[in-house]
Structures are given as C-alpha cells and as structure tokens.
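Work through the exercises below with the sequence and the 3D view side by side. Try each task before reading its solution.

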Amino acid sequence: MVPASPLRMVVPSLKLQDLIEEIRGAKTQAQEREVIQRECAHIRASFRDGDPLQRHRQLAKLLYVHMLGYPAHFGQMECLKLIASARFIDKRVGYLGAMLLLDERQDAHLLITNSIKNDLSQGIQAVQGLALCTLSAMGSAEMCRDLATEVERLLLGPSPYVRKKAVLTAVHMIRKVPELSDIFLPVCAKLLHEQHHGVLLGTITLITELCERSPAALKHFRKVVPQLVRIFRTLVTTGHTTEHSISGVSDPFLQVQILRLLRILGRNHEESSENMNDLLAQVATNTDTSRNSGNAVLLETVLTIMDIRSAAGLRVLAVNILGRFLLNSDRNIRYVALTSLLRLVQSDHSAVQRHRPTVVECLREPDASLSRRALELSLALVNSSNVRAMTQELQGFLEFCPLDLRADCASGILLAAERFAPTKRWHVDTILRVLTTAGAHVRDDAVANLTQLIGGAQELHAYSVRRLYSALALDISQQPLVQVAAWCIGEYGDLLLEGSCEETEPIQVEEEQVLALLEKVLQSHISLPTTRGYALTALMKLSTRLRGDNNRIRQVVSIYGSCLDVELQQRAVEYNTLFQKYDHMRAAILEKMPLVERGGPQVDEEAKERKEAAPVSTDPQPWSFCPFPQASKLLDLLDLLHGTSGDAQQPPPLDPSPEDTLIHLLDLPCAPPTLAPIPNLKVFEREGLQLNLSFVRPPGTPALLLITVTATNASEGDVTHFVCQAAVPKSFELQLQAPSGDTVPAQGGLPVTQLLQILNPNKAPLRLKLRLTYNHFGQSVQEIFEVNNLPVETWQ
C-alpha cells in the first residue's frame, strides 16, 4: 500500500478588518508582501468560484491592496459584475472599484455605460448618486456624449441630493467635451433660482466652466449679471443658512465662486462691469478681515475689481486693500498680496507705488518665497524718479540675500540702472558695486555692457580706472569685476599713473604695483581662462603706456607661450611675435579703443526717425549699385541665347575709372556673386514678447543654415528666465549656441539673441519646432509651436 500524503494546512481567507490588522502588524516589507500575495491568491480563487455573496467582500479587500500600491487589475471585470447586480451593497463596492481601478486607458470602462444609464433611470436616489459620482470621476468623452441627456434630465429632478451630484457631473462633462455646452445652457438659467446651497454652488461652478470654454455661453450669461448681483447681495445682507457661515462670514465658498464668475462676465464688457461696481464697493468696504474667510472673499473682490472695467476710485481702493494685506501677520496673506500687486503694477503703477516702502520691507522676510516675490515687485516698481532710492535698497538686499536670489537681484539692478540711470557716473558706480558684491552672479553680458559704457564716456576714463584698480587691489575673486578692471587698466593705464583725477581720493600708483597686480591675477588659481586672457592683453597694452622698461612684460608674455590653455597660448605667441618681429608697429596696433556709442531704445528711436526723414529713392532699379549683374539681366541674356526677341534697351556700358580697373584686376579671379538675402520671419508674439528669425547661408557651405533667434520685449515688464529650445527632424543636424542672456528687458531694451546651426545635407524642406519657457508679470509661461512657413531660400 502506498502511504497517504500528509494533509497541508490551508490558511482560511481573512476578513477585511483582519487583513488590515495583519498588514499593519508586519514588521518587514517581505512579511507584508507575503501576507498580500497569500490573500490575493484567496481573492483570485473566490473570483473563479463565482460566489455572488462573497464577491463584494473580496473586492473590498482587493481595493485596500490596490491603495497600498500593489497590482489589482484582475478585479476590473468583477467591478462590472457588481455594478450590474441588483443589490445595493454590491453596487456600492462595484462603483467604488470602478472609480479606483478603471480609467480611460482601459477599454473595460466603456462596458459600464449601459449599467450607469440603467441606474440613472431608476428612482433610487442612492443608486443614482453612485452612478453620477462614478461618471464624474472616470467618465471618458464617449461616455459623456452617451449620457449627457440623462444628466440633463436629472438636473431638473425633484431631489436636491441628485441635482447636486448631477451638476457636478455636468461640470466634468463640459471639461471633457466642451461642445456639450448647448445642452446645459437652458437648465443653468433655471437652477440659478435654486435655494439649496450645494445645488447653487454647483450651478455657479458649471456656468463658470461654460463661460470659459464657449464665447456663445459667455454672451448668453452676461444677461444674468443683475440676477447674480441680487443673489450675492442677499447672501451678504441676510445670509443663506447659518450652517454654511464660517467665522461670521456668510457662506464664503459661494461668495468666492460668484465673484469669480462675475470677473469672467465683466471682463472687457462695460455694461456688465457697471452693474457690479456698487456691489464690489460694498463688499470691499464691509467685509470683516479679522478672519481668514473674510480675507479670502476680499481677495477675490480685489481681483474682480482689477479684471473688469471698474471705476478708477474702485481700483485705488483695491490696491489699498492689498497694501493692508502686506501688513498682515500671516505670511500666506502677504504672499498673496505681493503676487496680486505684481499683476497690477503694469496697469496701476502709480497706485502700487504708494506701497513701495512696505514692499521694500518685505525684502527682509526670512521666508524665501516671500522675499523672491518682494524682489520681483520691487524691480517692477523702479522708474526714473525713484531709481536712486530703490537701487540703494536693492543693493543693500543684495549683500545678505540668499544665494538662489543673488542672480535675479543682480540682473534686475543692472537692467534698472541701464534703463533709468540719471548720469553715466552713477551708472558706473552702480555696476561696480554690483560686481563687487555679487560679481559671480551677474549676467553674461555685464562685462561687455560696462566696458562699452566706460569706453563711450571719455570724461569717466580716469575716474573708472582708479575705482576699478582700487577694487581689484582689494579682491580678485569676483571674475567679472577682474575682467572689467583688467580691460580698463590696459586701456587707460596711463591715466592711472598720472593721478590727475579730482573726483576720487588721490592715490599714488607705481608701475611696478600695476604690473604686480596683473601678474597676481594671472597666477591666481581662481582666475578663469577668460580672465587670464584679459590680464595678458592688459599687460601687452601697458607696454605702450608705461614709461619704464618692458622686459618684465616680455618675460610674462613668453612664459604663457607654453600654456596648456590653447587660447591663452595663442595670444602669448602672437604677442611674442609682435615684440620680436613687429615692434615698430606695436604702438599703433595697441593704441586705445575708439569711443563707442551705446545702442539702446533712444538711439534706435533716433535712427528710425532719421531713416523715415531720409528722401525715398525713386530709382526703379534698387540694385543699381550692385557690382554683379542683376537677375533680370541674366534672364534677358538667356532669352537671347534661346532666340527670343528682346525689345528692352540695354544700358550703356559704364566707363570704369583706373582705380576701379585696378580693383577688379586685384580681385581676379572673380568671386561668386553673393546670395540674395533671406527675409526675416516673425514666429511668435504674446503680450509684447516677440521672436524673430534671421537667416544666413554661408556661400562656401550651402548645406549649412545659420539662424539667429532674436527675442524683443515691448511690454512694461521684464521677461526673466527666458529659455529657447529647438528641435528638427532626424535628417537634419542641429547645434544650439549659448544665448546672450536669460532676461529680455522691457520697453524695447537690449534683445536676447541665440544662434542655431542647422546642417541640411539632403536639402530637404526645413521644419523647426521651438519651445519657449519664461516668466512674465509673475507668471510662468511655456509655449511649444512648430514653424512650417520658413522661406524656401533656407533649404533650396
């Protein structure tokens, strides 16, 4: 006889409460996984057995396992079976499982459409509520289209409980399928007379969604503005119900929702704005601000006043309310006030200016988010009348501000100084202080802007070189400061040694001290290769400005002829050659840079006026000065070769002068004619920010296209953290160069440029996709768009 095998001990299935206790009692993750795997096996076995009395209990346990993050997809079909059951306890668990386990990515969610439709047709409120909750949580666009009429019918049903859930379901349907708005327009007008709090709140939310997504709905509901004003006035004076009052404010949630709807309806509409002006003034003056609920209502009132066409006095009142918010002890309220004022500073600049001292005080907040918002608002408040005081406050903040704010603060001060500088000397002093305090955090173009500013102001050469020399002698760690100082010492070292500047304290500087300081910069381990290049060039220029012997400079230059840095080595070799072979030309080559006129909005405006005032040429041939034949003349020549008769008179031959003949002889062999210029293309414009593309195809490399992206800003606020990214199809090769900066100054300031190099060996039609990310008026913006209308000349 074969001995019987020992019976295995079968662990019975656990109840939901016991399962929760055992999972929570697991001491390790391995024990938890063991418990869950064992119980999931029991659940699968129970589903296979098909016991209808145990199905909802097993699914409830599976839903708890799903909430812990374990896979539970095998319970999706069981949800459908429970929803189709006639028992309420089964439907409740089934609908809950559908909301948790099903979404639009699974095709199984479409199978419950008929079950939801049948349950909505029943008269049982609890079942209808379950079906509506499930539809509003996971209903797809197809389900919304199929069940829209059922929801519309329930919106006018007798039960407030069902109407409230039906309104929220309608909100979900409008968000999924905006074209369903026509179905719910007539119903919303009737629901505005509703007395039930939940239904009225849901109705206001539904109307808000309709107005945001449909211009026709917006026009339709502007007629009910007086009714909304009456509802709100009743809510404020008599209250809706005491159970919905919070801290003495009658139903603040409903008030906030009505104010948001009024803001949408009154935007850019004079009549609607006029109807709500009195109400907004009443709310703004009578709302209790001692509680947070009153502050929430007051903030929505302010935002509504500023967004509609309200009276000027009402807008000043709104700004003053935000100014009171800045004095609140709650940091959240102060942050909201700063954010709101930043949005209003462009439209109501003078009203916001009254609260400038309070805004400046917020710079000293220990909270990083508050100080950042205060910094952005402070920079937006700078103008020509307060630039000295505001810059002084911002420079004081720059000295102790967190590291993550230094770059924004330094860039903002430099931009403000460039736009509103009262004098050139003040401008130079401001930039020098920023470079001294936070030189490592300034923009990339700060060095070039300062050297251009100093080079264009001859009266400041002696003053600037002495200030920079003194700053460099104290600290050589700030690399942009060292670069500007080295450039200035190289250009105007003779003025430094003369000691003739009356605007600074008299200091005696010897030649050996200047050379020793530049050698210190060259030998410092913290000096960047670019900084060493500035210092080496400064030494070379001093060889023509100092009266002493140049042997020391020759020795330093010769040492760097074997430097590991290729750029620095090349400069040293060239300077050595200049000493050895071309010493007679050294003084002429190294003479001072000529004065440079700074470009800017005013200079550009004057140039534009001069261009418009210039007489317009009436010459029908705009290419008459081109040294090469025009395209039309070449076509005429081809027509003659094909035997066609040409009636056009040929122009008389020009008598070349001897100088022109010599030039043409020296130019032989003749270079190929230059390519016709490719027209520029505007590809983006939003709120004053404009993006233009200019194109160049090098004649020697026809497959290469150089695209210069130029970002300009005509708005009142700076565009910060500007990043432009590009993508091309796989058949192209794209290389992006670093942009000139990440801040586009307001009011037509210095544009930001970036170079794109695109290699198109197959000469295929070019398609370009751009992604822009930036901050404007305190809001983060991201735009992705494709440029398909590039000129044919860019690829043919």
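## Exercise 1: The chain as a whole

Task: Which share of contacts between residues at least 6 apart in sequence joins residues at least 24 apart?

Solution. Start from the source: this is a predicted model. Among contacts in the chain between residues at least 6 apart, 67% join residues at least 24 apart. Next, take the inventory: the chain holds 35 helices and eight strands. Then turn to burial. The chain has 796 residues, and 44% of them count as buried. Last, the surface. Its accessible area comes to about 42500 Å², with 54% belonging to carbon and sulfur atoms.

## Exercise 2: Helix H5

Task: Check the span of helix H5 (residues 88–101), then find what its buried residues pack against.

Solution. Step one is the length. H5 has 14 residues, so at 1.5 Å a residue it should span 20 Å. Its end C-alpha atoms are 20 Å apart, which agrees.

Step two is burial, with the cut-off under 20% relative accessible area. In H5, the buried residues are Asp 90, Lys 91, Val 93, Gly 94, Tyr 95, Gly 97, Ala 98 and Leu 101.

Step three is the partners.

## Exercise 3: Strand E6 and its partners

Task: Which side chains of strand E6 (residues 752–759) point to the buried face, and in which sense does strand E5 pair with E6?

Solution. Sort the side chains by face. Val 752, Gln 754, Leu 756 and Ile 758 point to one face and are buried.

Strand E3 (residues 704–713) runs antiparallel to E6, and eight bridges join them. Here Thr 710 stands opposite Thr 753 in E6. Strand E5 (residues 733–736) also pairs with E6 in the antiparallel sense, over four bridges. In this pairing, Leu 734 is opposite Ile 758 of E6.

## Exercise 4: The open sheet

Task: What is the order of the open sheet of three strands?

Solution. The order is E4-E7-E8, with antiparallel pairing. The edge strands are E4 (719–727) and E8 (779–787), since each pairs on one side only. Neighbouring strands of this sheet are turned by 15° against each other on average, direction ignored.

Finish with one pairing in detail. E4 and E7 (residues 768–776) share seven bridges in the antiparallel sense. Ala 726 stands opposite Leu 770 in E7.

Definitions and conventions: Residues are numbered from 1 along each chain as its sequence is written. This is a predicted model: local features need pLDDT of at least 70, side-chain atom pairs count only at pLDDT 80 or more; totals for chains, interfaces and linings use all residues. Side-chain values use heavy atoms; hydrogens and water are left out. Helices (H or I, at least four residues) and strands (E, at least two) are DSSP runs, numbered from the N terminus. The expected span of a helix is 1.5 Å times one less than its number of residues. Buried means under 20% relative accessible area, exposed over 50%, partly exposed in between (1.4 Å probe, protein chains only). Contact means heavy atoms within 4.5 Å. Accessible areas come from the Shrake-Rupley method with a 1.4 Å probe; for residues, only the protein chains shown count as cover. Two strands pair if DSSP finds at least two bridges between them. Axes are lines fitted to C-alpha atoms, for helices over the stretch in contact, and angles run from 0 to 180 degrees between N-to-C directions.
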